[in-house]
Amino acid sequence: MGPLSGIKVVEMGVFVAGPAAAAVLGDWGADVVKIENPAGGDPIRALMALGLVPFEPEINPVLELDNRNKKSVAVDVTKPEGLDVVLKLLRDADVFLSNMRPAALERAGLDYERVKAVNPRIIYATLNGYGTRGPDKDLAAFDYAAFWSRSGAMASLGEPAGPPPTQRPAMGDHMIGLQLAGAVSAALFHRERTGEGQALHLSLFQAGLWMMASDIQTALLLGIGYVPTGRLVPNPLWNHYLAKDGKWFHLVMLQADRFWTKFCEAIGEPELAKDENFGSVVKRARQAQALIEKFDAIFATQTRDEWKVIFDRLELIWAPIQTVLEASRDPQALALGMYEKIQHRSGREISLVRTPVDFGATPATIRRGAPELGEHTEEVLLALGYGWDDIAKLREKGTFG
């Protein structure tokens, strides 16, 4: 019984950002009904058709991740009867959540004013690429564009002479999904106190600007825009290095003076800590390149696991730079229960990544995997008061595809 147990959510989402937000709400206990186009449903159901993988996997990992704990209703909202089904669902819903563009929702008859008319208490939560105001509010976008490329993130990473690095799939989508779930929760709390529903909106671009807020704030106040420096950084104790076995690790000692003596002990250079030429973070910054080259040579003499023993004994702040496969098997992730096992409808037991919030009294749970397209259409319509004859007539009219 999660903290949102009893909350009813109607989602009209595609790809990742909208469905991810609804998945978080579902993990937190909400009942989520996903409205899908009968002609194929959420496009994420067909990974090969999207060019994301060269084959169609038996179990679609993206679909399962962002659509667990949901019921699927396949209904054509462009037909009056289909729109009527959705509006009936919304009459006693707590939340309507969508990442369709505002113009598309308006064409479908699901803009805020129309939904508010049938349910004044509803929390109408939407997200898109670039927000609801400004010259680009109607532009199509994915997180690679609005979140990663345009926010300054892409241009701030990588080596100075190299091309900027691309992101991995759905990095921005999952960040904004958690943000939107938090915003919905705040709006529900406001409604609990006042009885008032409201519309709220996030965009991938705004989420990207918030992620880059430290650098953007500096630009706003000082007029200084960060450009990539690669590994040539002023503080060599805040840098990444390559061990003897070809594995990278990251030192993250922002308070460099505090850790300098212990660090010199760790690398077997205690006399370096007594050298006045390197006696402060400012002095070391002036000789950063020489120090980084020196540390490169030292760290190349032992494996990462050997350095781990030394770093942990001296309580230095660092982390291994892990591959995705290594992260999926990280003992700390396993201890935190980040990968929850569920029984899949295929008969297999699969693991899904949990949302990253632990509620002490009302734990989040993954109750079931992602639904098949339209799996719960009849069940949901019957609960709305439709009879079997009504459902048959709607099917004849093509309302369900």
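Buried means under 20% relative accessible area, exposed over 50%, and partly exposed in between, with a 1.4 Å probe and protein chains only. Keep that in mind while you click around.

This is a predicted model, where local features need pLDDT of at least 70, side-chain atom pairs count only at pLDDT 80 or more, and totals for chains, interfaces and linings use all residues. Residues are numbered from 1 along each chain as its sequence is written, and side-chain values use heavy atoms, leaving out hydrogens and water.

**Stop 1: the whole chain**

Zoom out. The C-alpha trace spans about 85 × 50 × 45 Å along its principal axes. Colour by secondary structure and you'll get 17 helices and 11 strands; these are DSSP runs numbered from the N terminus, H or I of at least four residues for helices and E of at least two for strands. Of the 401 residues, 41% count as buried. Call two residues in contact when heavy atoms come within 4.5 Å; among contacts with a separation of 6 or more, 68% join residues 24 or more positions apart.

**Stop 2: Glu 349**

Select Glu 349, in strand 11 (residues 349–353). Is Glu 349 buried or exposed? It counts as exposed, because its relative accessibility is 52%. Leaving aside residues up to four places away in sequence, Glu 349 touches Lys 341, Ile 342 and Gln 343. Now draw a C-alpha to C-alpha distance to Val 24: 21 Å in space, for a pair 325 residues apart in sequence.

**Stop 3: helix 7**

Next, select residues 171–194. Helix 7 has 24 residues and reaches 35 Å from first C-alpha to last, close to the 34 Å expected at 1.5 Å a residue (that expectation is 1.5 Å times one less than the number of residues). Its buried residues include Ile 176, Leu 180, Val 184, Ala 187, Leu 188 and Arg 191. An α-helix has 3.6 residues a turn, so residues three or four places apart point the same way. Which elements cover the buried residues of helix 7? Show helix 1 (17–27), strand 5 (123–128), helix 6 (143–149) and helix 8 (204–211), which are among them.

**Stop 4: the salt bridges**

Here a salt bridge is a side-chain nitrogen of Lys or Arg within 4 Å of a carboxyl oxygen of Asp or Glu. The whole structure holds 25 of them.

- Glu 379 and Lys 71, with closest N and O atoms 2.7 Å apart. This pair links distant parts of the chain, from helix 16 (residues 377–383) to strand 3 (residues 70–74), 308 residues apart. Glu 379 is partly exposed at 40%, and so is Lys 71 at 26%.
- Asp 84 and Lys 88, 3.6 Å apart at the closest N and O atoms. Both sit in helix 3 (residues 80–91), four residues apart, about one turn of the helix. Asp 84 is partly exposed at 29%, as is Lys 88 at 28%.
- Lys 294 and Glu 269, with closest N and O atoms 3.8 Å apart. Lys 294 lies in helix 12 (residues 288–299) and Glu 269 in the loop between helix 10 (256–266) and helix 11 (281–286), so the pair ties together parts 25 residues apart in sequence.

Finish by selecting Glu 11, Lys 34, Asp 42 and Lys 70, which are linked in a network of salt bridges.
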